[in-house]
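These are my notes from looking through one model.

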Amino acid sequence: MRKATPQDASAVIPLISSAIGEIGYVLTGATDEAEMLDVLESFFRQKGNRLSHDQVSVLERDGTIAGFVLAYHGKDIEQLDAPIKQRLQQLGLPDDGIIPEARADEYYLDSVAVHPSFQGQGLGTRLIREFEQQAVQLGHPKVLLIVDVENSRARALYERLGYVPDGFIEIGGHAYERMIKQPESV
């Protein structure tokens, strides 16, 4: 595992897009996939926003980025969302779809994905474990992730890793379940 750099954009952006799905359109205000990917890449290359390379760690295998994890603390969300809201406002779009997904006491796994060529090798679990260790090292004992209510496979993985339900959140008109891991189990 290593911290991402702006040069990782071409490998990481498709993975971020696959992980966040329709949320990519909510965050970018884009109307088509090419525009969404361009805007995601622009945010990734910059500092100081929730999609920045500064928030991303990557896992490499054979010189290729095999997966990523994007994480930040809930207390930082307002600051990290400000550039995204500003872009939407400049486009004349509402920014009310950009809501805090984590609470101020939670270290948030915003997104995680493994490249299709490397799936089925336990790398998703490894990335989540790395996220949890990162939280502990940073002194954040409570971790959170959200899962699409229709993604029973991912939910089962998170439950197996010790995450428990903690309510629901709606983003872009779609329901997600909040799942936390209590401090004593990190």
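**Aromatic pairs.** I counted rings of Phe, Tyr and Trp (its six-membered ring) as a pair if their centres lie within 6.5 Å, with planes under 30 degrees apart called stacked, over 60 edge-to-face and the rest tilted. Strands here are DSSP runs of E with at least two residues, helices are runs of H or I with at least four, and both are numbered from the N terminus. Tyrosine 72 and tyrosine 108 are both buried; I use buried for under 20% relative accessible area, exposed for over 50% and partly exposed for in between (1.4 Å probe, protein chains only).

I also noted tyrosine 158 and tyrosine 163, an edge-to-face pair at 6.4 Å centre to centre and 65° between the planes. Tyrosine 158 is buried because its relative accessible area is 11%. Tyrosine 163 counts as buried because its relative accessibility is 2%.

**Basis.** The model is predicted: local features need pLDDT of at least 70 and side-chain atom pairs count only at pLDDT 80 or more, while totals for chains, interfaces and linings use all residues. Residues are numbered from 1 along each chain as its sequence is written, and side-chain values use heavy atoms, with hydrogens and water left out.

**H3 and H4.** I then took helix H3 (residues 33–45) and helix H4 (residues 77–90), whose axes come within 12 Å and cross at roughly 140°. H3 is therefore oblique to H4. The angle classes are roughly parallel under 35 degrees, roughly antiparallel over 145, roughly perpendicular from 65 to 115, and oblique for the rest. Axes are lines fitted to C-alpha atoms, for helices over the stretch in contact, and angles run from 0 to 180 degrees between N-to-C directions. Glu35, Val39 and Phe43 of H3 meet Pro83, Ile84 and Arg87 of H4, contact meaning heavy atoms within 4.5 Å. I sorted the residues of this contact into four nonpolar, no polar and two charged. Nonpolar covers Ala, Val, Leu, Ile, Met, Phe, Trp, Tyr, Cys and Pro; charged covers Asp, Glu, Lys and Arg; the others, Gly among them, are polar.

**H1 and H3.** The axes of helix H1 (residues 9–20) and H3 come within 10 Å and cross at roughly 120°. Residues in the contact include Val12 and Ile16 of H1 and Leu37 and Phe44 of H3. The contact of H1 with H3 divides into nine nonpolar residues, one polar and two charged.

**Single residues.** Aspartate 81 is in helix H4, and it counts as buried because its relative accessibility is 3%. Leaving out neighbours within four places in sequence, aspartate 81 is in contact with Arg50, Ile98 and Ile99.

Isoleucine 77 is also found in helix H4, and with 4% relative accessibility isoleucine 77 counts as buried. Not counting residues up to four places away in sequence, isoleucine 77 touches Tyr72, Pro100, Glu101 and Ala102.

Last, I checked aspartate 62, in the loop between strand E2 (56–61) and E3. Aspartate 62 has a positive phi of about 50° although it is not a glycine. Aspartate 62 is exposed, at 75% relative accessible area.
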